[in-house]
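Hi,

Here is the structure I promised to pass on. Have a look at it first, and then read my notes below.

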Amino acid sequence: MNLLGRASELAVLDGVLSDVRRGESRLLVLRGEAGIGKTTLLTQLVRTAPEMSVVRAVGMESEMELAFASLHQLCAPMLHLLPRLAAPQRQALEIVFGLSEGASPDRFLVGLATLSLLSEAAEERPLLCVIDDAQWLDKASALSLTFVARRLMAEPIGMVFATRAPVPELAHLPELEVRGLRQADARTLLSSTVRFPLDAQVRDRIIAETRGNPLALLELPQGLTATQLAGGFGPLGTQDLSAHIQESFLRQLRPLSDQGRRLLLLASAEPLGDPLLLWYAAQRLGIAPAATEEVEAQGLLTVGDRVRFRHPLLRSAVYQSAPLTERRSAHRALADATDPGVDPDRRAWHRAQATVGVDETVADELEHSAGRARSRGGAAAAAAFLTRSAELTPDAAERGRRTIAAAQATFDAGQSEEALALLATAELAPLDNLQRARLERLRAGITFVSTRGREAPALLLDAARRLRPLAPSMARETHLEAMAAAMFAGRLGHSHSIRETGEAALLAPSAPQPARATDLLLDGLATRFTAGYVAGVPGIRSALEAFGNPGTLSTGDARWLWLACRLAQDLWDDGLWRVLADSGVRMARQTGAVSMLPIALTYRAALHVHEGAFGPAAALLEEVDAITAATEAAPVKYGTMVLAAWSGDEAAAGKVIDEVMPDVAARGEGMAVGIQDWTYAVLHNANGRYADALAAAQRGCEHDDVGLYAWSLVELVEAGARCDATAVSAAALDRLIERARASGTEWALGVEACSRALLSGPQQAEPLYREAIARLDRSRGAVHATRARLLYGEWLRRQNRRVDAREQLRDAYQRFTRMGAKAFSDRARGELLATGETVRKRRPDTRDELTPQEKQIARLARQGFSNPDIGARLFLSPRTVEWHLAKVYAKLRIRSRHELSAALPNTGPELAQA
């Protein structure tokens with residue numbers, strides 16, 4: 001091991017170990033070209049940490065398609081700790097590692113489980129995780145390890161990656177570039193390799209062309225004669241440096257016997273490094289044990305508890321330089337040596353690599369392997385198996401079917417462009433009508449998920465029409481997807497797209513009996529889009545009530561809970577909204593469906609705002625941000641805009657709108673435009689800028705955005721009333737009354753009464769305000785009930801009934817202040833001052849001293865959640881939660897979580913329901 005000239009790199013690695021010894025987490029990516037010394041530095045890192053537990057993983061190019069292969073390498077020494085994990089996390093790792101069977105776990109649940117497992121190991125001894133050749137990590141392992149790395153904070157865990165090239169998943173981790181040796185050190189190293197004097201110009205040329213690469217300096221002279229080196233006739237040229245190094249390795253292979261070279265090839269094709277498997281395969285090829293002694297004597301391979309090459313480039317050089325026929329022979333021997341009962345997938349993969357032309361038997365094995373890979377959560381592995389299966393399929397029609405399946409798996413793995421390329425290949429096969437319809441549906445689905453814009457509705461609608469006579473159930477699901485896509489496209493979609501999707505859905509095959517919740521939703525929504533709001537209410541309410549019974553929901557139904565929540569808002573039914581939002585969050589948490597959780601939490605957070613519980617809403621939205629950041633998913637900001645609107649925080653609202661609107665406008669997601677207009681209408685009304693509110697509300701009412709249109713009508717009525725735009729307000733009120741009475745809920749009728757009061761004369765206004773307050777107090781809509789009190793108080797003051805006005809305005813001011821609705825609170829305070837009452841300004845809340853994450857953790861701890869529970873919600877380890885709580889206690893000047901209730905007073909309904 002040569003560490004010449006590596007003092008600065010070793011100092012950085014020593015710093016990593018020092019921080020871990022102090023109980024802090026450290027992350028580092030060593031990046032540098034092949035042979036630059038990364039592996040040597042990792043070896044030294046491990047040697048200087050004898051008191052730590054060390055776990056390792058090495059990325060292997062041949063295993064890049066096998067899901068969680070590298071993660072399994074890393075976690076294998078810690079699997080005895082699995083029983084300590086929460087059940088969903090333990091089960092997730094058992095499934096992806098093939099220890100048990102079950103439904104494919106969400107990949108982010110796997111990441112959380114890995115974080116918990118490493119944290120448990122670090123409780124016993126500080127833990128050092130070393131991951132070499134990270135550029136060859138399989139996709140699932142790379143995502144899981146990066147997820148863990150970004151969530152580490154207060155655990156005695158060090159994670160050090162080494163990679164030749166930038167790895168997208170590691171892009172935001174601290175990086176140390178390992179460069180070539182300085183000229184003086186390079187000369188010293190070269191002199192240690194070449195035992196005779198070199199011509200100075202030859203020496204300088206070698207150093208310059210190797211750019212100080214230590215492995216090149218050590219390996220390139222091997223196999224060259226003294227004459228070649230002394231005279232400068234070596235093979236260096238303008239090729240890539242790694243190619244030079246590989247060529248130097250190949251020169252070292254030339255003296256080997258045929259059996260020695262074949263053994264090395266066999267080892268290069270076998271990524272597990274299992275010596276027993278290597279020997280079994282060698283026997284099948286007639287390779288004698290003496291070949292092992294030969295390659296070990298040359299220092300090319302070490303066979304111990306694992307089979308290890310001297311350098312990864314040697315493995316690559318051996319495999320790439322071998323004739324194709326010999327490679328196939330090696331894979332065939334490895335397939336024969338692999339127990340199909342223990343590792344059928346790896347056996348199938350070796351058989352596929354050994355196959356020339358087409359082979360239905362091998363193709364069938366690969367298809368079965370794809371099914372097993374998918375059940376473990378390995379969508380990328382399933383895609384690789386299916387793609388190769390299709391290539392080996394002799395029958396053209398069957399090849400088309402498998403190519404479509406490969407495209408679906410590839411899309412599920414997040415590779416939309418690759419999936420579209422496979423669909424283009426599948427189109428060339430003789431597909432039957434159903435297969436072609438499935439292909440079009442998948443293409444449309446890719447478009448919808450990729451853009452959520454104007455192109456998706458028409459594509460989904462066409463696919464649904466194709467499926468009607470071929471697969472009725474799938475046709476109904478696709479019609480529902482088309483209507484959902486049309487809702488997202490909204491005003492930026494093609495003309496009449498919402499109505500067209502509804503009319504087409506009316507022609508869908510009849511629902512099976514008894515109808516599923518999804519079938520009821522499809523029929524109700526189709527009526528809503530074609531016959532109007534009033535006609536659609538009964539059917540949609542029946543569907544929402546079916547969704548409200550979680551015991552009867554299938555997995556297919558559950559994925560539409562987000563739409564059910566949206567329609568509950570549209571029906572002004574906050575009782576159903578509560579049931580559906582709670583159900584969505586609960587199901588997402590219980591099943592570990594992290595991809596569904598941000599949307600579910602957003603609807604629950606919006607309900608908290610509706611209930612006047614801004615603190616819990618903010619906590620849930622912080623959790624949404626934590627999840628989307630940890631999973632690198634697209635931000636989900638609709639809930640943040642709702643909270644900003646009612647909080648009166650124009651800066652926060654403007655920031656979110658500036659972040660999201662350029663992208664959504666470009667892809668044609670008109671729904672976002674609707675919520676932007678409503679947000680500005682509320683903000684302007686709250687701040688008394690009624691002309692601006694009128695303009696924003698009018699824009700919001702230009703399109704019937706489901707769940708938003710009626711909310712904009714409310715703002716339009718108030719803004720028009722304040723601006724003397726009575727005709728505009730009266731027209732908006734008529735539309736609002738029609739919807740409110742069709743709904744018939746206390747929320748709807750209360751808002752209607754308040755809006756009517758704004759446009760009524762003195763005799764009618766007061767009883768309407770009182771009716772509004774009474775009805776809204778019976779609903780969950782605390783913000784609306786408080787706003788009704790503010791409007792009533794303002795009306796009383798204008799009637800010169802100052803004493804009566806003070807009662808309503810004081811109540812509104814106190815309620816809005818407790819909620820955190822600053823703009824409405826300031827408006828109530830201004831009105832109170834106008835009545836002659838003295839009003840104290842609000843004092844800063846102690847909670848404002850805490851960071852958003854500290855507030856979030858403190859709220860959950862106050863409710864009785866344990867550190868592991870909090871960590872599971874926020875994707876943190878229990879130790880990191882404990883670290884944050886210690887900072888919370890110090891800032892609030894308390895000593896335990898039992899004192900949090902007093903330090904963080906309740907602001908409304910708690911998060912326990914969510």
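This is a predicted model: local features need pLDDT of at least 70, side-chain atom pairs count only at pLDDT 80 or more; totals for chains, interfaces and linings use all residues.

Let's start with H42, which runs over residues 802-819. With 18 residues at 1.5 Å a residue, the helix should span 26 Å, and its end C-alpha atoms are 25 Å apart, so the two values agree. Which residues of H42 are buried? They are Ala-805, Gln-808, Leu-809, Ala-812, Tyr-813, Phe-816 and Met-819. These residues cover an arc of only 135° around the axis, so they sit on the same side of H42. Turn to the face pointing away from that buried side and you'll find the exposed residues Val-803, Glu-807 and Arg-818.

Next, H39, which covers residues 746-758 and includes Ser-755. Is Ser-755 buried or exposed? Its relative accessibility is 3%, and because the cut-off for buried is under 20%, Ser-755 counts as buried. Apart from neighbours within four places in sequence, Ser-755 is in contact with Val-714, Val-717, Leu-733 and Leu-736.

Last, the surface. Leu-276, Trp-279 and Tyr-280 make a nonpolar surface patch of about 320 Å². Of these, Tyr-280 lies in helix H13, residues 275-284. Tyr-280 has a relative accessibility of 41%, so it counts as partly exposed.

Cheers

Methods:
Residues are numbered from 1 along each chain as its sequence is written. Side-chain values use heavy atoms; hydrogens and water are left out. Patches are made of residues with over 30% relative accessible area and no salt bridge: like charges are joined within 9 Å, nonpolar side chains (Val, Leu, Ile, Met, Phe, Trp, Tyr) within 5 Å. Accessible areas come from the Shrake-Rupley method with a 1.4 Å probe; for residues, only the protein chains shown count as cover. A salt bridge is a side-chain nitrogen of Lys or Arg within 4 Å of a carboxyl oxygen of Asp or Glu. Helices (H or I, at least four residues) and strands (E, at least two) are DSSP runs, numbered from the N terminus. Buried means under 20% relative accessible area, exposed over 50%, partly exposed in between (1.4 Å probe, protein chains only). The expected span of a helix is 1.5 Å times one less than its number of residues. The arc is that of the directions from the helix axis to the C-beta atoms. Contact means heavy atoms within 4.5 Å.
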